[in-house]
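Please have the structure open while I talk.

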Amino acid sequence: MHEPELHDLSDDADYAASIQQGSARMTRNDSRKSSPSEPEGAEIVYSKENVAIHPTQYASERISGRLKLIKQGNSLFMTWIPYKGQSSNARLSEKDKNLYTIRAVPFSDIRSIRRHTPTLGWQYIIVVMSSGLAFPPLYFYNGGVREFLATVKQNILLVRSAEDANVFLVNDFENPLQRTLSSLELPMAVPVANVPSTAAIGSSSSADQERGESDKSSSNSQQNGRQGQKHHDPARDISIQVLEKFSLVTRFARETTSQLFRDGFIDGFTPSEGRKHGQVSPARHHITPSNDPPKVPDEVSVAPDPVEFDKLSLVWGKPRQPPLRQEEWATFLDAEGRVMDSKALKKRIFYGGVEHNLRKEVWTFLLGYHAYDSTYAEREYLMSVKKAEYETIKRQWQSISPEQARRFTKFRERKGLIDKDVVRTDRSLSFYDGDDNPNVYLLRDILLTYSFYNFDLGYCQGMSDLLSPILYVMRDESQSFWCFVSLMERLGPNFNRDQSGMHTQLFALSKLVELLDKPLHHYFERNDCLNYFFCFRWILIQFKREFEYDKTMRLWEVMWTHHLSEHLHLYVCVAILKRHRSKIMGEQMDFDTLLKFINELSGQIDLDGTLREAEALCICAGENGAACIPPGTPPSLPIEDGLVYPQLEDDIL
């Protein structure tokens, strides 16, 4: 489709008016030239109080703080520091609040800013990084979104997206696909090199640039190496890069920002306030460039595992069993086809999985498409009714004429995105391999139909990876659709634009690690890894890239039983991290090294051992573990408190 040229903000009267008004206000109230104690040239060009984030769905647990835009030379940085000691809820500690602190993010690392103006409620923005990750929404309880955007535009190149008037692009895109991905706030399909900052904050050197190039080279080598382990499929390369970009985050200029950001703006204090209150930034050391060759760190003693992990799995984790077979499955059914003891059935599947030729029947129960107490006749009737309903929904998009499509931007965008994704999904399998494969067309049709069934959520990259095994097992379009609908009732929040579902799960993961392995938690804390973004891909698509296809299906059916916990996937994350804790801590891995190491575990994880260890951890954690997970955390069914996907209230299809 033809892509119109991007339009500048100057054509918007609302923003044009705010430039003069906001600039005057900033100059009068907010802008402060650097004092002699601050690095020369640093200037706060925007500051706003009472800007809040919501780590959970409870309004009482919001975290308020100060948002600043800081300029030095030709570079612009954004910080958000939570207020200290002002949490309205006892569940949120200072450590919890610090998980969300935004320190010195250069706008060269930012892809876009999306403005949301709900009919009811406060305006908020979502800042999307070049990596595809987004920060939690920033709510402006005292207003100031217009002035924020006006200030950004005064200092860097900011243009409005042609596809969505509420999306403002920080970098100029020449690729039409990347424009679309940015307007939908999805990860890039093709990596784009970050625009280098023209001026480093504080001290910088060529050594910093060399480190950056080395990081990129290392990341690329790692990606190529992992892909080479599996059947090479060039069509999947870009798709794999997309999913990897979900878990990639920059170091936010840790090695190039000055003491202004490392020590000065900690806990919401300015440099002078910090010294006045005796604040010292913990575990942050100024890095002095050196021409000396890097020193190999001495072997570091690793703190012992507090729960004696190896012994724990032997005591509490039961051995895995053979998969459920047809003969045994028949013993769970009465004469009319009802499951007589669903709890016993789910427990049996939890410990052994399901034989492949039986999955088509059993998965419909695990996913909630069929009720456990339904009869053969009731299931047949339901399938006929649901098939007719599916065809009705499908005809909604099939009936759109070319003339309608030309005036239906969201439909064109979503269809184009789905068309690109399905031809990259699991093409190494014979079921999806080859040109003009009818199963690939089925995958496309189901995803398009779902985008009309669920207008609010639509389609996001990664959904095709969740649908692919379901279609592979069911071999039926209608049944695959309704099983996918049931799955997305639980995993849909993973694809919220504001990433609230993902952030809630990562937050819960951090609390579980703190509960089950404090030394490892403290290690992550000292190395700025408490956001757990290195586990992002695991959670987003349920470990699909970490195991072979058949093992992925076995892991999924085990997790779908919800035996012991609905959140077994979080304990699986903890089990994998604890299994490799000695290497992580012993080699003193920083965030980037840890991310590379985690990604290279793909295809190397022992599924049966991991499940046994996850079971042991879940039993050991007990009620304390359950208390670490906020209510409504995916894959729990959403709490009925209004819209299921509130982030799209101002932009539905």
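This is a predicted model: local features need pLDDT of at least 70, side-chain atom pairs count only at pLDDT 80 or more; totals for chains, interfaces and linings use all residues.

Helix 12 (residues 356-366) and helix 17 (residues 463-474) pack with their axes 8 Å apart and at an angle of about 110°, where the axes are lines fitted to C-alpha atoms over the stretch in contact and the angles run from 0 to 180 degrees between N-to-C directions. Helices (H or I, at least four residues) and strands (E, at least two) are DSSP runs, numbered from the N terminus. Helix 12 and helix 17 are therefore roughly perpendicular to each other, given that 65 to 115 degrees counts as roughly perpendicular, under 35 as roughly parallel, over 145 as roughly antiparallel and the rest as oblique.

Residues are numbered from 1 along each chain as its sequence is written, and side-chain values use heavy atoms, with hydrogens and water left out.

Which residues of helix 12 meet helix 17? His356, Arg359, Lys360, Trp363 and Thr364 in helix 12 meet Pro469, Ile470, Tyr472, Val473 and Met474 in helix 17, contact meaning heavy atoms within 4.5 Å. By class, that contact has six nonpolar, two polar and two charged residues, where Ala, Val, Leu, Ile, Met, Phe, Trp, Tyr, Cys and Pro count as nonpolar, Asp, Glu, Lys and Arg as charged, and the others, Gly among them, as polar.

Let me turn to the strands. Strand 3 (residues 42-53) is mostly covered, with ten of its twelve residues buried; buried means under 20% relative accessible area, exposed over 50%, and partly exposed in between, with a 1.4 Å probe and protein chains only. Strand 3 runs antiparallel to strand 4 (residues 63-72), to which nine bridges join it, and two strands pair if DSSP finds at least two bridges between them. Ser47 stands opposite Lys68 in strand 4, and Lys68 in turn stands opposite Thr79 in strand 5.

Strand 4 and strand 5 pair in the antiparallel sense over eight bridges, forming a hairpin with two residues between them, and Gly73 in the turn has a positive phi of about 65°. Eight of the eight residues of strand 5 (residues 75-82) are buried, so this strand is largely enclosed by the rest of the structure.
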